[in-house]
Amino acid sequence: MKFLLIIPPLLLLMACSNKKVEQVDPPERWYSSEHVKLGQNVFMQNCAVCHGKQAQGQVDDWKQILADGGNPAPPLNGTAHAWHHSLSNLLRTIQNGGVPLGGTMPGFKGKLSQSEQLAAIAYFQSLWSDKIYNAWLERDGFK
């Protein structure tokens, strides 16, 4: 008889443990795999020399001022502040360079088409985790 009293709580525990964990779908990205492929080529030819082949940045501590007083090229792979900036701000920085922001990055307005600039952004955003990409979206990434 005591055995019968144990069965309902056991069934309840089993039901709870078999609950499915809700899966969160990865965010839909604004770019395609073709954008990323083109962007990787553009990035390697124009950006990797300073930002690194994996967009990891110039130095380990990207906030540290360099010996010449300038700012190092920051990581663009989601480990620094690039995700804080909207698509239009990222594009403007690529076009006009980083000098207005205290950096030394040259502008690429006359060197790269807007399609190539967007593809470079697609490449480094493809390195961002879904968590970072979602945070960028929540910060109005498409402003």
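This tour walks through a predicted model, one selection at a time.

**Whole chain**

Start with everything shown as cartoon. The chain has six helices and zero strands. Read from the N terminus, the order of elements is α-α-α-α-α-α. Now colour by burial. Of the 143 residues in the chain, 34% are buried. For contacts with a separation of 6 or more, 57% join residues 24 or more positions apart.

**Helix H2**

Select residues 33–46, which form helix H2.

Show side chains next. Val36, Gly39, Val42, Phe43 and Asn46 are the buried residues of H2. These residues lie on the same side of H2, because they cover an arc of only 130° around the axis. Turn to the other side of H2, where Ser33, Glu34, Lys37 and Gln45 are exposed. H3 and helix H5 (114–126) are among the elements over the buried residues of H2.

**The nonpolar core**

Phe43 is one of the residues with the most contacts inside the largest nonpolar core, which has 26 residues. Leu76, Trp83, Ile121, Phe124, Trp128 and Trp136 share that listing. At least two residues of this core come from each of H2, H4, H5 and helix H6 (130–138). Which helix gives the most to this core? H5 does, with five residues. As a general point, nonpolar side chains tend to be buried together in soluble globular proteins.

Centre on Trp83. Beyond its neighbours within four places in sequence, Trp83 is in contact with Gly78, Trp128, Ile132, Ala135, Trp136 and Arg139. Two of those partners, Trp128 and Trp136, are also on the list of core residues with the most contacts.

**The loop between H3 and H4**

Go to the loop between helix H3 (48–51) and helix H4 (87–96), and pick Asn77. Is Asn77 buried or exposed? Asn77 is buried: its relative accessible area is 17%, which is under the 20% cut-off. The Asn77 side chain makes a polar contact of 2.7 Å with the side chain of Thr79. Now show what surrounds Asn77. Leaving aside neighbours within four places in sequence, Asn77 touches Gln54, Ala55, Gln56, Phe124, Leu127 and Trp128. Phe124 and Trp128 were named above for their contacts in the core.

Move to Ala55, one of the Asn77 contacts. Ala55 also lies in the loop between H3 and H4. Ala55 is buried, with a relative accessible area of 0%. Check its backbone: Ala55 has a positive phi of about 60°, although it is not a glycine. Most residues other than glycine have a negative phi.

**After H6**

Finish in the segment after H6 by selecting Asp140. Asp140 has a positive phi too, of about 65°, and it is not a glycine. Ala55, by contrast, is buried.

Methods. Residues are numbered from 1 along each chain as its sequence is written. This is a predicted model: local features need pLDDT of at least 70, side-chain atom pairs count only at pLDDT 80 or more; totals for chains, interfaces and linings use all residues. Side-chain values use heavy atoms; hydrogens and water are left out. Helices (H or I, at least four residues) and strands (E, at least two) are DSSP runs, numbered from the N terminus. Buried means under 20% relative accessible area, exposed over 50%, partly exposed in between (1.4 Å probe, protein chains only). Contact means heavy atoms within 4.5 Å. A polar contact is a pair of N or O atoms within 3.5 Å; within protein, one must be able to donate a hydrogen and the other to accept it, and residues adjacent in sequence count only if both atoms are side-chain atoms. The expected span of a helix is 1.5 Å times one less than its number of residues. The arc is that of the directions from the helix axis to the C-beta atoms. A nonpolar core is a set of buried Ala, Val, Leu, Ile, Met, Phe, Trp, Tyr and Cys residues joined through side-chain atoms within 4.5 Å.
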